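Have a look at the model first, then read on.

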Amino acid sequence: MKKSIVCYTSKPLTNGENPIMIRLYHGKYKYIATGVSCKVSYWNPNLCRVSSKDAKYKEKNEQIEQKYEIICQRIKDCFQVYGIYDLELIADTNKTIEIQNDITPSKVLNFLEVIDLKIKNIKKYSYQKNFIQLKNALLAIYGNTIYIKELNQGWFNGMMEFLSVKTIRQQKKLIKHFLICYNWGWQNGYITNYQSLKYNPKDLAYVVKKRALTITQLSYIKMLRQNQYELYLLGVDMQRYRVYDYTYKSSDLLNALTIYMIMYALQGVAPVDLASLRIEDLKLEEMNSNDLNLYDIVNDNKQFRQQIKENTIIKYYSIADNRNKTGSEINIKVKYDILHPLIKDYMYKRDGTLKDKTDYLLNVYEKERIYTDKQRESRRSNYFSDLNKQIKDYLKENGQDFFERFSYYTARHTYLTIGYRLGIKANVMAQLAAHNEAELQTYFAGFDDITILEANDRIFNAH
């Protein structure tokens, strides 16, 4: 977590001053207003203070310092409670970060109790589950008791040895969350004989396998979906079922394939964001293919008529929201002719009437029900697991060798990787992905074989 105080020059205010912001960075940037502004020439970037040229510099600097202290404390509290840096929570000073210590530190002898306390202090189930997985892994190895007094480097090395039967990715995740719990236990007084536990991260390095499908594999999914839909419509014509019935079945191959293609059409939107999308989030808009110059009506009627003749109306869906994972803004634009054929059957309720604007697009959740974080995540996870199984089983049964690495997350990686290979500019790809350009590189780390072969051929045969 990096923090600093900056004069935000991108958005000058109407009074000619620029806002002073607290800038946080942890994988992405978050700017927090201090409520103070000044002229750019009055800001001292080295001291991070308003200079004495400003008549109210003392009051402004005092307000900046107060806000900065509040944010610094929220950063500490957030990590202490959740074991992560949640930028949105840190920035929202209207939300409290509660620290609960229900067990007297001196009475805690079992490290598994420390994990339970950590879980209890985490509000979001999506964060809790990482520590639940850690506890279950340790229970399988050690049973119900891990005495805190026995935790030292030798014990830690032994734990890593036990975990070595798991994949490198799993080992890395479990060790990370073990150390978060261990350090949290020491900070809160549950661990008094603290020792610095170390390991070599290089021992847990792994090569990230490309999760993207090739254009050939994606085209297979597209054709498969189209064929399944045409077969389904024959059944509809025979009045065996209604056109939207498949959208309510997580065990239906057509539903699974259609949702994958919806994800791909929506710029690789993640399952967590797609499942929460409501009808009202899909804004139907129009724009001219040509930017018409109305001044030509008066000055050059012939030219204007030509513009009108060549102009077409582009109809498209627009979605503006925030990613659940990162909080960064989603800005999706997709042509009506691409998306509507995929989502039109999802517009119906079970009784055949059209959904309301507040209904969910997908039939993962019911708007009438109130879900806890755990229920919401569990329902979504099970739903997409069922969908994933339908496609993987079909691919396996039909001899498609990419069935092993197929998942719904390949939609996002495929969309971005194909865009990258098509030569779309990095800044545009970053906007499509709701990432900055540096974060986007994680999707392109490790080229596909054809890219490596082409590069090697060009280098070897260079003249």
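Buried means under 20% relative accessible area, exposed over 50%, and partly exposed in between, using a 1.4 Å probe and protein chains only. Helices (H or I, at least four residues) and strands (E, at least two) are DSSP runs, numbered from the N terminus. This is a predicted model, where local features need pLDDT of at least 70, side-chain atom pairs count only at pLDDT 80 or more, and totals for chains, interfaces and linings use all residues. Residues are numbered from 1 along each chain as its sequence is written, and side-chain values use heavy atoms, with hydrogens and water left out.

**Helix H3**

- H3 spans residues 111–120 and is mostly covered, with seven of its ten residues buried.
- The buried ones are Phe-111, Leu-112, Val-114, Ile-115, Leu-117, Lys-118 and Ile-119.
- A side-chain oxygen of Asn-110 comes to within 3.0 Å of the backbone nitrogen of Leu-112, at the start of H3. That's a polar contact: a pair of N or O atoms within 3.5 Å, where within protein one must be able to donate a hydrogen and the other to accept it, and residues adjacent in sequence count only if both atoms are side-chain atoms.

**His-177 in helix H6**

- His-177 sits in H6 (residues 168–187) and is buried, at a relative accessible area of 8%.
- A polar atom of the His-177 side chain lies 2.8 Å from the backbone oxygen of Lys-173.
- Leaving out residues up to four places away in sequence, His-177 touches Asn-130, Phe-131 and Leu-134 (contact means heavy atoms within 4.5 Å).

**H7 against H13**

- The axes of H7 (residues 215–237) and H13 (residues 373–397) come within 13 Å and cross at roughly 105°. Axes are lines fitted to C-alpha atoms, for helices over the stretch in contact, and angles run from 0 to 180 degrees between N-to-C directions.
- That makes H7 roughly perpendicular to H13 (under 35 degrees is roughly parallel, over 145 roughly antiparallel, 65 to 115 roughly perpendicular and the rest oblique).
- Tyr-220, Ile-221, Leu-224 and Gln-228 in H7 meet Ile-391, Tyr-394 and Leu-395 in H13.

**H8 against H14**

- H8 (residues 253–265) and H14 (residues 410–421) pack at about 40°, with axes 9 Å apart.
- The two helices are therefore oblique to each other.
- From H8, Tyr-260, Met-263 and Tyr-264 meet Thr-410, Ala-411, Thr-414, Tyr-415 and Ile-418 of H14.
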